Amino acid sequence: MSAIAARINLSQVGAGGDIMADDNEVAGAVRRAPGMPKVNRIELRDLAEVLRKGLSDFASAPLFGLFFGGVYALGGIVIALSLTVWDIPWMIYPVAIGFPLIGPFVAVGLYEVSRRLQAGQPLNWGEVLGVIWLQRQRELAWMAFVMLFVFWVWMYQVRLLVAIILARSSFSTLDRFLDVIFTTTQGWIFLGVGHVVGAVLAMVLFSITVISIPLLLDREADFVTAMITSVKSVSTSPIPMLGWGLFVTLAVIVSSVPVFLGLVVTLPVLGHATWHLYKKAVAPA
C-alpha cells in the first residue's frame with residue numbers, strides 16, 4: 001500500500017475531498033511490487049552438479065575461499081579456547097556440534113564471490129567485503145538474529161539436559177565429560193535425547209536458511225518472504241534438500257575434528273555449492 005500511496009498525486013485532491021490518482025502510475029506500482037519467488041523442483045542429480053560448481057568456484061578464487069574458511073575455523077578455535085579458559089572445557093563437544101548452525105551466515109562472502117563469478121564481474125577484496133558490510137543495512141541482518149537465536153537455544157538445551165540427566169555426574173575436563181557420556185547409562189541417554197533435539201533444531205534452521213540467505217544477498221526481499229521461500233523449497237524437494245543438509249552437516253562436523261582446520265577448505269566449497277543450489281531452486285526474478 002505504501003508503494004501505491006507514494007504514487008498518488010495529492011495535488012489532485014478535489015474540493016469535496018476526493019483523491020484522484022494517476023491510474024497508470026498506481027497500476028505500475030502494483031506490477032512492480034515484489035511477489036513470492038517461484039520455487040523449482042530439485043533432483044538428487046542436481047546435488048552432484050552444484051558440488052562440482054562449488055569446487056570450480058573455489059578453484060577459480062582460492063584466496064577468497066581460504067580467507068572466509070579461515071575466519072570460520074578461527075572462530076571455532078577461539079570459542080574452544082575460551083571455554084577452556086572459562087574452565088568449562090566439557091562444553092567444547094556441544095559447541096563443536098552446534099557450531100555448523102551459523103555456517104550459512106558466515107558463507108555470505110562466498111555467496112558474493114560465486115555471484116560475481118557467475119555474472120562475469122571482477123573480483124576484488126574491497127567490493128566483496130564492502131557488499132558484506134552493507135548487509136547490516138539490509139534484511140540479511142535480521143537473519144543473523146534468527147541464526148544466533150537458534151544457536152542460543154541449542155546451547156541452552158545442552159545445559160538443561162546436563163542439569164537434568166547428568167546432574168549426579170562430575171566432570172571438570174573434556175576427557176572426563178567424554179568418559180561420562182560414552183561409558184555410562186546416563187551419558188547414552190544424554191547423547192540420544194540431545195542429538196534428537198539437536199537434529200530437530202538443525203532441520204528447522206536449515207529449512208529457513210538454506211535458500212533465504214543467498215536470496216537476501218541476491219534480491220531485494222524481506223526476510224520473512226525469504227524464509228518462507230526457503231521452507232517452500234525444502235518442502236517441494238524434501239529428499240534432495242534434506243539430503244544436502246545432512247551432507248553439509250556431516251562434512252562440517254568431520255572437518256571440525258582436526259581443531260576446526262578442515263573447515264578452511266570445506267566451508268568455501270560448500271558455500272559456493274549452496275549458492276548454485278539456490279540458483280537452481282529459485283526461478284529468476
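Predicted model: local features only at pLDDT ≥ 70, side-chain atom pairs only at ≥ 80, totals over all residues.
Residues are numbered from 1 along each chain as its sequence is written, and side-chain values use heavy atoms, without hydrogens or water.

**Exercise 1. Find the residues that make the nonpolar surface patch, and the helix that gives the most to the patch.**

Step 1. Apply the rule. Patch residues have over 30% relative accessible area and no salt bridge; like charges are joined within 9 Å, and nonpolar side chains (Val, Leu, Ile, Met, Phe, Trp, Tyr) within 5 Å. Accessible areas come from the Shrake-Rupley method with a 1.4 Å probe, and for residues only the protein chains shown count as cover.

Step 2. List the members. Leu63, Leu66, Phe67, Val71, Trp125, Leu129 and Val265 make a patch of about 600 Å².

Step 3. Assign helices. H4 (62-85) and H8 (125-134) each supply at least two patch residues. H4 gives the most, with four.

Step 4. Check one member. Leu66 is found in H4. Leu66 is partly exposed, at 36% relative accessible area. The classes are buried (under 20%), exposed (over 50%) and partly exposed (in between), with a 1.4 Å probe and protein chains only.

**Exercise 2. Count the aromatic pairs and classify two of them.**

Step 1. Set the cut-offs. Rings of Phe, Tyr and Trp (its six-membered ring) pair if their centres lie within 6.5 Å; planes under 30 degrees apart are stacked, over 60 edge-to-face, and the rest tilted. The count is eight aromatic pairs.

Step 2. Take Phe67 and Phe68. Their centres are 5.1 Å apart and their planes 75° apart, so the pair is edge-to-face. Phe67 is partly exposed at 38%, whereas Phe68 is buried at 6%.

Step 3. Take Trp244 and Phe247. At 5.7 Å and 35°, this pair is tilted. Both lie in helix H14 (residues 238-256), three residues apart, about one turn of the helix. Trp244 is buried at 3%; Phe247 is partly exposed at 37%.

Step 4. Look for a cluster. Ring pairs link Phe64, Phe67, Phe68 and Trp125.

**Exercise 3. Trace the salt-bridge network that contains Lys280.**

Step 1. A salt bridge is a side-chain nitrogen of Lys or Arg within 4 Å of a carboxyl oxygen of Asp or Glu. The whole structure holds eight.

Step 2. Start at Lys280. Lys280 bridges to Asp46, with the closest N and O atoms 3.9 Å apart. Lys280 lies in helix H15 (residues 263-281) and Asp46 in helix H3 (residues 44-60), so the pair ties together parts 234 residues apart in sequence. Asp46 is buried at 11%, while Lys280 is partly exposed at 26%.

Step 3. Join the bridges. Shared partners connect Asp46, Glu49, Lys53 and Lys280 into one network.
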